Amino acid sequence: LGMEQREFDYFALALQWPGTICSSTRHCCAANGCCRSEPLHTFTIHGLWPDYDDGTWPSCCRHTNFDMDKISPLMPILEKYWPSLYCSSSSTCFSGRGPFWAHEWEKHGTCSSPVVQEELQYFSTALDLYFKYNVMEMLASGDIQISDDKKYPLRDVIDTIKDAFGASPQIICKKGSIEELRLCFTKDLEPRDCLTTSAMSKTLTKEKHCPRYITLPTYDPI
Ligand code: 5GP
Ligand code: 5GP
């Protein structure tokens with residue numbers, strides 16, 4: 001439709017840490033956001049993002065009519081592992097408001113051609129990668145635990161993921177805690193580093209939000 005978008009270079013699977021995000025949003029919402037009744041002891045999905053090697057990315061690439069019926073088999077699992085941790089609904093690129101994951105499809109998923117062409121494939125690809133590469137198990141292999149006061153060297157967290165995953169992640173912090181952890185993949189869905197030399201300065205700017213020692217805080221629902 002309209003302008004041709006340059007094909008992306010790689011995927012980032014962005015995962016978010018409820019313990020960090022919910023410490024600032026926990027008082028705001030009803031059933032489905034942070035204040036859900038089960039504790040979340042795992043990273044949840046933020047999005048599967050097509051990125052360019054230069055550190056930029058395409059977004060909102062084409063208009064699709066989101067058909068909830070097509071993805072109904074995945075709905076329970078999306079609600080569990082891809083919840084919105086914010087209480088505001090997400091504005092989408094084209095079609096008004098919807099669940100967080102629907103926003104991610106419109107903003108990022110529509111730019112994933114030719115690897116991912118439609119929404120069912122987008123969500124199943126993201127979920128497959130999420131379950132195949134279990135970040136909690138990777139962190140446990142380096143003895144990195146959920147705790148409000150244990151601090152880990154940023155370097156150790158990165159190296160632990162690197163050893164287990166086979167490539168370098170990107171970590172984003174908020175107030176000394178891990179807010180987001182990104183795993184990156186080639187277009188064949190094989191692990192690759194998130195950093196490229198050309199994107200380095202941009203990425204380092206982001207990792208600067210991380211102090212040298214970081215935490216993975218607990219999240220207990222109210
Ligand atoms: P923030 O400024 O909070 O890091 O990011 C705001 C939004 O920009 C994100 O929610 C995401 O949609 C987009 N974004 C930020 N960093 C990246 C990135 O490295 N790759 C892609 N594809 N999108 C990003
Ligand atoms: P992105 O820009 O990453 O594609 O999406 C971020 C948008 O989704 C923002 O407008 C934000 O308000 C909304 N949003 C809703 N729930 C969440 C959530 O759990 N995490 C993040 N990062 N953004 C969320």
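Colleague: What share of the contacts in the protein with a separation of 6 or more comes from residues 24 or more positions apart?

Modeller: They account for 74% of those contacts, where a contact means two C-beta atoms, placed from the backbone, within 7 Å. This is a predicted model: local features need pLDDT of at least 70, side-chain atom pairs count only at pLDDT 80 or more, and totals for chains, interfaces and linings use all residues. Residues are numbered from 1 along each chain as its sequence is written, while chains are lettered from A and ligands numbered from 1 in the order in which they are written.

Colleague: What is the mean pLDDT of the protein?

Modeller: It is 88, with 83% of the residues at 70 or more; pLDDT is the predictor's confidence in each residue, from 0 to 100.

Colleague: Why is I214 called buried?

Modeller: A residue is buried if 20 or more other C-beta atoms lie within 10 Å of its own, exposed if 12 or fewer, and partly exposed in between. I214 has 22 such atoms, so it is buried. Its contacts, leaving aside neighbours within four places in sequence, include C173 and I178.

Colleague: Where does I214 sit?

Modeller: I214 lies in strand β9, residues 213-216. Strands are DSSP runs of E with at least two residues, and helices are runs of H or I with at least four, numbered from the N terminus.

Colleague: What makes β6 and β7 a pair?

Modeller: Pairing takes at least two bridges found by DSSP, and these strands have 5, in the antiparallel sense. In that pairing, C173 stands opposite I178 in β7.

Colleague: Why is helix α3 described as largely enclosed?

Modeller: Because 8 of its 8 residues, 100-107, are buried. Among them are F100, W101 and K107.

Colleague: Which residues touch the most other members of the largest nonpolar core?

Modeller: A nonpolar core is a set of buried Ala, Val, Leu, Ile, Met, Phe, Trp, Tyr and Cys residues joined through C-beta atoms within 7 Å. Of the 42 residues in the largest one, F11, A12, L13, L15, A126 and I178 touch the most other members.

Colleague: How do you know which residues surround ligand 1?

Modeller: A residue is near a molecule or strand if its C-beta atom, placed from the backbone, lies within 6 Å of it. The shell around ligand 1 is A12, W49, D51, W57, K107 and H108.
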